[in-house]
Amino acid sequence: MLSIKTFFLTFIFLFISPLLTADDLAIEDAWIREAPPVSRVQAAYATLKNNDKNDIEVTSAASPAFKKIEFHTTTLKNGLMSMQQQPTIHIAAKGEVKLEPEGMHMMLFDPTKPIRAGEKININFTFSNGTSTTFLFTVKKATTINHHQHMHH
Ligand SMILES: [Cu+2]
């Protein structure tokens with residue numbers, strides 16, 4: 001039988017367990033690189049700031065504008081850039097993670113319609129605690145070379 005003490009400890013634990021709000025995770029410079037119309041893959045970048053005292057784990061991302069979104073890291077090995085899929089994005093308490101060209105980024109697969117610079121695209125993040133939040137990403141023309149265009153996926 002559950003003791004009164006256990007009952008209250010359980011209650012307190014549930015009560016303080018983090019419920020993520022938009023205030024806990026701030027997003028800055030959220031943008032999607034405009035890709036040529038024939039491209040089936042493009043990348044999204046942002047700075048993710050965790051204002052909470054708990055770590056945040058982004059377990060998946062989805063958008064009505066794309067069939068699939070993956071998290072990737074970029075590594076330089078023997079002078080060649082390559083990307084690895086990673087299961088989650090981990091943002092330490094009070095820390096930040098930059099999704100940037102030639103660093104960690106989101107890979108957007110198979111746009112459901114052509115996407116032009118200036119458009120705003122919803123990307124929904126799901127977190128390890130089961131909650132989710134939608135962020136707006138602005139489509140921009142990139143001035144730098146897109147390394148994704150000359151790489152095999
Ligand atoms: Cu990638």
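This is a predicted model: local features need pLDDT of at least 70, side-chain atom pairs count only at pLDDT 80 or more; totals for chains, interfaces and linings use all residues.
## The copper site

Four residues coordinate the copper ion: His72 through ND1, Met83 through SD, His105 through NE2 and Met107 through SD. The distances run from 2.1 to 2.3 Å. Along the chain, these donors follow the spacing H-x10-M-x21-H-x1-M. His72 belongs to strand β4 (residues 66-77) and His105 to strand β8 (residues 105-111), so this pair ties together parts that are 33 residues apart in sequence.

The angles among the four donor atoms range from 88 to 139 degrees. The site counts as irregular, because a tetrahedral site needs all angles to lie between 85 and 135 degrees. Are the two histidines buried or exposed? His72 has a relative accessibility of 3% and counts as buried. His105, at 0%, counts as buried too.

## Nonpolar cores

In soluble globular proteins, nonpolar side chains tend to be buried together. Here the largest nonpolar core has 27 residues. Within this core, Ile32, Met106, Ile123, Phe125 and Phe137 touch the most other members. Strand β9 (residues 120-127) supplies the largest share of the core, with four residues.

## Aromatic pairs

How many aromatic pairs are there? The count comes to two. One is formed by Trp31 and Tyr45 and is tilted, with 4.9 Å centre to centre and 45 degrees between the planes. Trp31 lies in strand β1 (residues 25-33) and Tyr45 in strand β2 (residues 41-50), so the pair links parts that are 14 residues apart in sequence. Trp31 and Tyr45 are both buried.

Phe125 and Phe135 also form an aromatic pair, which is edge-to-face: their centres are 5.4 Å apart and their planes make an angle of 65 degrees. Phe125 is in strand β9 and Phe135 in strand β10 (residues 132-140), so this pair ties together parts that are ten residues apart in sequence. Both of these phenylalanines are buried. Phe125 is also one of the residues that touch the most other members of the largest nonpolar core.

Notes. Residues are numbered from 1 along each chain as its sequence is written. Side-chain values use heavy atoms; hydrogens and water are left out. Donors are N, O and S atoms within 2.8 Å of the metal (3.2 Å for Na, K and Ca); water is not among the atoms, so sites may look incomplete. Four donors count as tetrahedral if all angles lie between 85 and 135 degrees; four count as square planar and six as octahedral if opposite donors are over 155 degrees apart and all others between 65 and 115; anything else is irregular. Helices (H or I, at least four residues) and strands (E, at least two) are DSSP runs, numbered from the N terminus. Buried means under 20% relative accessible area, exposed over 50%, partly exposed in between (1.4 Å probe, protein chains only). A nonpolar core is a set of buried Ala, Val, Leu, Ile, Met, Phe, Trp, Tyr and Cys residues joined through side-chain atoms within 4.5 Å. Rings of Phe, Tyr and Trp (its six-membered ring) pair if their centres lie within 6.5 Å; planes under 30 degrees apart count as stacked, over 60 as edge-to-face and the rest as tilted.
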